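User: I am new to this structure. Please take me through one part of it closely, and then show me what else stands out.

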Amino acid sequence: MKRKLFALLLTAATLLALTGCGGGQSKSGGELVLYTWEGMFPQEVLDGFTERTGTKIVYSNFDYDETMLEKLTQAKGGDYDVVIADDYIIEQAVQAGLVGELDKSIITNFGNINPRYQGQFYDPSDKYTVPYGCGIPLIVYDPAAVDFEIKGYNDLWNPALKDAVAITANYRVINGITLLSMGKSMNEEDLEVIAQAGEKLLALAPNIRLIQDDNTQDALLNGEAAAAFLYTSQVTQVMAENPNLKVVYPEEGLGYGIMAAFVPVKAPNAKAANEFLNYLLEPEISKACFEYIGYVNTTGAADSIVDPSLVAPASAGTGEFIMNVSEEANDAYNRNWTEFRAACGQ
């Protein structure tokens, strides 16, 4: 999914750490092709790796996960050295034989990963990936503009929020929270249940002010919306700009997503790729990255030094991941979404 990322200033201590020599990599030289969304790294992190190892980083961007998979498929698992993408598409890439196993003799910092974000459906044996941030979309609202306490997804249907709710534009996520509001799984395969979710989603249309993926949080900041369902980076940004807003961990359950890094099976510079992943797992480097992208920190060794708002509270529970579903179910989700957007006039 395309994300709007939020940059925070790096501290002087962090900047010094980026060019330090603590990682132990040799001056290997060459270049490393990094393939991910635009704006996923502070430049200081990339420059620090080059200074430490002599390896030049070539940053290549894609817009959607599906674009990445198409390009990687065309390259037969070559051309790129490190790819960072979403969990569900990584599962497809692994199944297609496009992902190489990590070299843990090089990735000596692998133990710095928070176990909470390991062993997931897309890499149950932790052979292929290093997590690079957890997304937990949440509700944020303005208590001064909403005369009741919002506790969960069902509250978004309250008639008091007519024409006052902004939401992100991912069809599976919005179908998913509707299903959670019904006590169902975000990955429901039963076509009848999905149709029921579509009917409930249509009932939300009168409350929708905005459906938009980028800068959705601006609708809260400028008063256009009183409540919003936002991506993690957007929650981070909006709360930094207006701490009087209220963040809600919905009582019906959470949807999780993990961005992760992998080395393609025919990466031209696999050694440098594994060195780069090891570098990202250093606590100070992780701190710089997570405070830049505004996603939940997945490097447990950095929890004590990263901005506390980027550490998921224990009360957040385990949640549910959006996973790949059957073609029939996916078509049903798309129908729900098309009809919902039409009802919203967007």
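Analyst: Start with the second largest pocket of this predicted model. Its lining is made up of 20 residues. Val235, Thr236, Tyr249, Ser309 and Leu310 lie nearest the pocket's centre. Helix H8, residues 232-241, gives the most to this lining, with 5 residues. By type, the lining has 16 nonpolar residues, 3 polar and 1 charged. The volume of the second largest pocket is about 320 Å³.

Next, the salt bridges. The count comes to 7. Asp163, Arg209 and Glu224 are linked in a network of them. Arginine 209 meets aspartate 163 at 2.9 Å, N to O. Arginine 209 lies in strand E7 and aspartate 163 in the loop between strands E5 and E6, so the pair ties together parts that are 46 residues apart in sequence. Arginine 209 also meets glutamate 224, at 3.4 Å, N to O. That glutamate sits in the loop between helix H7 and strand E8, 15 residues from arginine 209. How open are these side chains? Arginine 209 is partly exposed at 36% relative accessible area. Aspartate 163 is partly exposed, also with a value of 36%. Glutamate 224 is partly exposed at 33%.

The largest nonpolar core has 78 residues. Phe41, Ile84, Phe276, Leu277 and Leu280 touch the most other members. A second, separate core has 30 residues, including Ala164, Ile211, Ile322 and Phe340.

Definitions and conventions: Residues numbered from 1 in each chain as written. Predicted model: local features only at pLDDT ≥ 70, side-chain atom pairs only at ≥ 80, totals over all residues. Heavy atoms only, no water. 1 Å grid on protein atoms, 1.4 Å probe; cavity = no way out; pocket = protein on both sides within 12 Å on 5 of 7 lines; lining within 4 Å. Points joined across faces, edges and corners; volume = space filled by probe spheres on them. Helix = DSSP H or I, 4+ residues; strand = E, 2+ residues; numbered from the N terminus. Nonpolar A, V, L, I, M, F, W, Y, C, P; charged D, E, K, R; others polar. Core = buried A, V, L, I, M, F, W, Y, C linked by side-chain atoms within 4.5 Å. Buried < 20%, exposed > 50% of the residue type's maximum accessible area, 1.4 Å probe, protein only. Salt bridge = Lys/Arg side-chain N within 4 Å of Asp/Glu carboxyl O.
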